[in-house]
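Let us walk through this structure step by step.

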Amino acid sequence: MAEALRQALDYVRQLGADHETTLAARANLGNQRGLAGDVTGALLDLEITTDRCLAVLGTDNTVTVATAGMRAYWLDRSGDRAAALAAYERLWPLAVSTLGPEHPTTVSIRHSYSDIRDWTDNPGGAVHAYEEILAANTRNLGPDHPNTTGAAATLGHWRTELNDLADAAE
C-alpha cells in the first residue's frame with residue numbers, strides 16, 4: 001500500500017489532482033486499502049475519487065467506470081449488499097455501453113454483480129451469466145487466471161442447482 005500511496009502522491013505533484021492518471025492512482029490506492037483490511041478507508045477513498053471522476057472525467061470514462069466498480073465491490077465487502085446491488089445495477093449497463101461487453105472492467109463488474117445477486121428463482125439466468133463471464137475471462141485473462149477458475153467453479157455450482165431442479169420436477 002505504501003507504493004500505491006507514493007505513486008498517487010507523485011501523480012498529484014506531476015500531473016495535478018484531477019488528471020485522469022492521478023484519479024486512477026487514487027482509485028488504486030483506495031482498492032489497496034481495502035485489500036489491506038481497511039474497508040472503511042477504501043470506501044472513503046473510492047467515494048471521493050468516484051465523485052471527482054464524475055465531475056472531471058464524466059460518466060462514460062474508463063477510469064470513472066472502473067473506480068465506481070471498485071466502490072461497489074467494497075460496498076459489498078463492508079456488508080452493505082443493498083447499496084452494492086444498486087450500484088452494480090446502474091454501473092453494469094453503463095460499463096457495457098461505455099467500454100463494451102468484453103472489456104475486462106465490464107466483465108469484472110458483471111462478475112462481482114452476479115456474485116452478489118440472488119439467483120434463487122432464476123438458476124438458468126445464473127448459468128447463462130456465468131457462461132458468458134467464463135468465456136470472456138478465458139479470452140481476456142486465460143484459462144488459469146483466478147477470475148476464470150472462479151467463474152468456472154461458480155458456473156459449476158449453478159449448473160448443479162439447475163440440474164437438481166430439473167430432477168426434482170421429474
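Helices here are DSSP runs of at least four residues, and strands are runs of at least two, numbered from the N terminus. Read from the N terminus on, the elements of the chain run α-α-α-α-α-α-α-α. That gives eight helices and zero strands. Keep in mind that this is a predicted model.

Now take the chain as a whole. Its C-alpha atoms fill a box of roughly 65 × 30 × 30 Å along the principal axes. The chain has 170 residues, and 39% of them count as buried.

The chain exposes about 8,900 Å². Carbon and sulfur atoms supply 53% of that area. As for charge, there are 13 positive and 23 negative side chains. The centres of the two sets lie 7 Å apart.

Which residues of α3 are buried? They are Gly41, Ala42, Leu43, Asp45, Leu46, Thr49, Thr50 and Cys53. The buried residues of α3 pack against α2 (20-35) and α4 (62-77). Just after α3 comes Gly58, with a positive phi of about 90°.

Finally, look for aromatic rings. The whole structure holds three aromatic pairs. One of them joins Tyr88 and Tyr113, with ring centres 5.9 Å apart. Their planes meet at 35°, so the pair is tilted. This pair links distant parts of the chain: Tyr88 sits in helix α5 (residues 81-99) and Tyr113 in helix α6 (residues 104-116), 25 residues apart. Both Tyr88 and Tyr113 are buried.

Trp92 and Tyr113 also form a tilted pair, 6.4 Å centre to centre, with 45° between the planes. Here too α5 and α6 are linked, as Trp92 lies in α5 and Tyr113 in α6, 21 residues apart. Is Tyr113 buried or exposed? Its relative accessibility is 9%, and buried means under 20%, so Tyr113 counts as buried. Trp92 has a relative accessible area of 26%, so Trp92 is partly exposed. Together, Tyr88, Trp92 and Tyr113 form one aromatic cluster.

Terms used:
Residues numbered from 1 in each chain as written. Predicted model: local features only at pLDDT ≥ 70, side-chain atom pairs only at ≥ 80, totals over all residues. Heavy atoms only, no water. Buried < 20%, exposed > 50% of the residue type's maximum accessible area, 1.4 Å probe, protein only. Contact = heavy atoms within 4.5 Å. Areas by Shrake-Rupley, 256 points an atom, 1.4 Å probe, with all protein chains shown as cover. Lys, Arg positive; Asp, Glu negative; His and termini not counted. Charge placed at Lys NZ, Arg CZ, Asp CG, Glu CD. Phe/Tyr/Trp six-rings, centres within 6.5 Å; stacked < 30°, edge-to-face > 60°.
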